[in-house]
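I am opening a notebook on this structure. I will look things up one at a time and write down what I find.

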Amino acid sequence: MSHFFANPISVLLADRVGEDLQNDKLCEAIRNVPSFREYCEILLEDSKTQQVRDLLEDDKLLLLETTRLIRAGQRSMHYMFQAVKFISILLKELNISKKVSISELSIRALCGELQKSPLLEDVLAAFRRLDSSRVAGLLSQFPEALRSLPDLRGVEADFRSLTKAHEGPEPLRSEYDSQNSVIGTTIVKQRVKLDTGKAKLPEETIKYTRIINRCCTLLRSYFVNILVFPQELPLHEAFLLDMRNPIKEVFAPRARYAIERALSNPFDYLLFTSQDTERKISAKQPPTAILYQLYLESGALVNMYDLWTAFYAVFESEQGDSCDERMTMALFYRALSELRALGMLKHSRKKLDHVAKSAWKGL
């Protein structure tokens, strides 16, 4: 709600922007968005000066272009989260030791840190070591944006033809697999040195390795193109919520500040028909709020009788002779117990007829 109320260009997220919203103020707001200015600068660098002039002068063309940019940005975000889900699947299937939750992957992607993360290099390295049976299972889980690439279709066709022609009981393995490596020993200055080398590979293994390399190249290119930095997308302000304060207040509220404000200024939250809300303490306020405001005016030790006298005087000054002392005392003790439950005061060991403050406003 904070995003839609505080962001005027979020109206462009509607399926169809009504003619009543297509006004000068909306167009002016769009032209003042930082990402739109950066977009115009990119167009100028590409020598598209006429297009920039049209965007700055023609409102109808501006709305059409912004709608196109926002739809493209939303598609980019959709593909990004598909890629995040795919990376999460790869981490589980490849048994990579670094267990990262999908929420953490999403945060990294939104911050632009996932594209160059070492995690992707670990994923690609583990993918190269997969045998043909596991690769066949993963190919069906590739995301839509990747499966639509013509190059991947060619890789899948070559992979199917190679596995179909393979007659051995074991699945095909690439040259990166540990089974296709040999360890040699050499003695240098009476010390044994271990060397890792590649065994002589059959033709099928070489072909399978080429297919794996092509697939890894496509995966790397896919991650680079899809895992873009969202804040670099044109008009990302419309479809990305990047307002930290409302979110912070909701998910990590300052409970003490809210309670102190409610007790100090209860009419900020309560409806009050009278216009006389400037008076500091009033009998119209909740009893706990009245006692809290009197509590703020006292020192570290508060005399109970003085506190009761001041509390009763608030009601007596407004109600006069009709003020019921017994009812007021009941309200006083209830408010006192509520402040004690909130941890704002406690019994004093120094003086029996006093209470001690245990919290100060704002501290």
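**Entry 1: S348**

Does S348 count as buried or exposed? I looked up its relative accessibility and found 9%, so S348 counts as buried. The cut-off for buried is under 20%. I note here that the model is a predicted one.

Next I looked for its place. S348 sits in the loop between strand 4 (345–347) and strand 5. I then listed its contacts, leaving aside neighbours within four places in sequence. S348 is in contact with L301, H354, V355 and A356. I also checked its side chain, which reaches the backbone nitrogen of K351 at 3.5 Å.

**Entry 2: the whole protein**

I stepped back to the totals. The protein has 17 helices and five strands in its secondary structure. Of its 363 residues, 37% are buried. The accessible surface is about 23,200 Å², and 53% of that belongs to carbon and sulfur atoms.

I also looked up how contacts run along the chain. I took those between residues at least 6 apart in sequence. Of these, 64% join residues at least 24 apart.

**Entry 3: helix 16**

I turned to helix 16, residues 304–319. Which residues of helix 16 are buried? I found M304, L307, W308, F311, Y312, V314 and F315. These buried residues pack against helix 15 (287–296), strand 3 (301–303), helix 17 (325–341) and strand 5 (354–357).

At the start of helix 16, a side-chain oxygen of N303 comes to within 2.8 Å of the backbone nitrogen of Y305. Just after helix 16, G320 has a positive phi of about 70°.

**Entry 4: helix 10**

Helix 10 covers residues 150–165. I looked up its span from first C-alpha to last and found 23 Å, close to the 22 Å expected for its 16 residues at 1.5 Å a residue.

Its buried residues are L152, V155, E156, F159 and L162. They cover an arc of only 135° around the axis, which puts them on the same side of helix 10. What lies on the face turned away from that buried side? I found the exposed residues P150, R160 and K164 there.

I then looked for what covers the buried residues of helix 10. The cover includes helix 8 (132–139), helix 9 (144–147) and helix 11 (203–226).

L149 came next, in the loop between helix 9 and helix 10. Its relative accessible area is 32%, so L149 is partly exposed. I also looked at L149 and Y222, which are 73 residues apart along the chain. Their C-alpha atoms are separated by 9.7 Å.

**Entry 5: cysteines**

How many disulfides does the structure hold? I found zero. I looked at C216 for a reason. The closest cysteine sulfur to that of C216 is in C215, at 6.1 Å, which is too far for a bond. A disulfide needs the two sulfur atoms within 2.5 Å.

I checked burial too. C216 has 3% relative accessibility and so counts as buried. C27 has 1% relative accessibility and also counts as buried.

**Entry 6: positive phi**

I looked for positive phi in residues other than glycine. Most residues other than glycine have a negative phi.

S47 has a phi near 65°. I placed S47 in the loop between helix 3 (34–45) and helix 4 (49–57). Its relative accessibility is 61%, so S47 counts as exposed.

L235 has a positive phi of about 60° and is not a glycine. I placed L235 in the loop between helix 11 and helix 12 (236–239). Is L235 buried or exposed? At 1% relative accessibility, L235 counts as buried.

**Entry 7: S88**

I ended with another serine. S88 has its place in helix 5, residues 59–93. Its relative accessibility is 9%, so S88 counts as buried. What does S88 touch, not counting residues up to four places away in sequence? I found I102 and L105.

Terms used. Residues are numbered from 1 along each chain as its sequence is written. This is a predicted model: local features need pLDDT of at least 70, side-chain atom pairs count only at pLDDT 80 or more; totals for chains, interfaces and linings use all residues. Side-chain values use heavy atoms; hydrogens and water are left out. Helices (H or I, at least four residues) and strands (E, at least two) are DSSP runs, numbered from the N terminus. Buried means under 20% relative accessible area, exposed over 50%, partly exposed in between (1.4 Å probe, protein chains only). Contact means heavy atoms within 4.5 Å. Accessible areas come from the Shrake-Rupley method with a 1.4 Å probe; for residues, only the protein chains shown count as cover. The expected span of a helix is 1.5 Å times one less than its number of residues. A polar contact is a pair of N or O atoms within 3.5 Å; within protein, one must be able to donate a hydrogen and the other to accept it, and residues adjacent in sequence count only if both atoms are side-chain atoms. The arc is that of the directions from the helix axis to the C-beta atoms.
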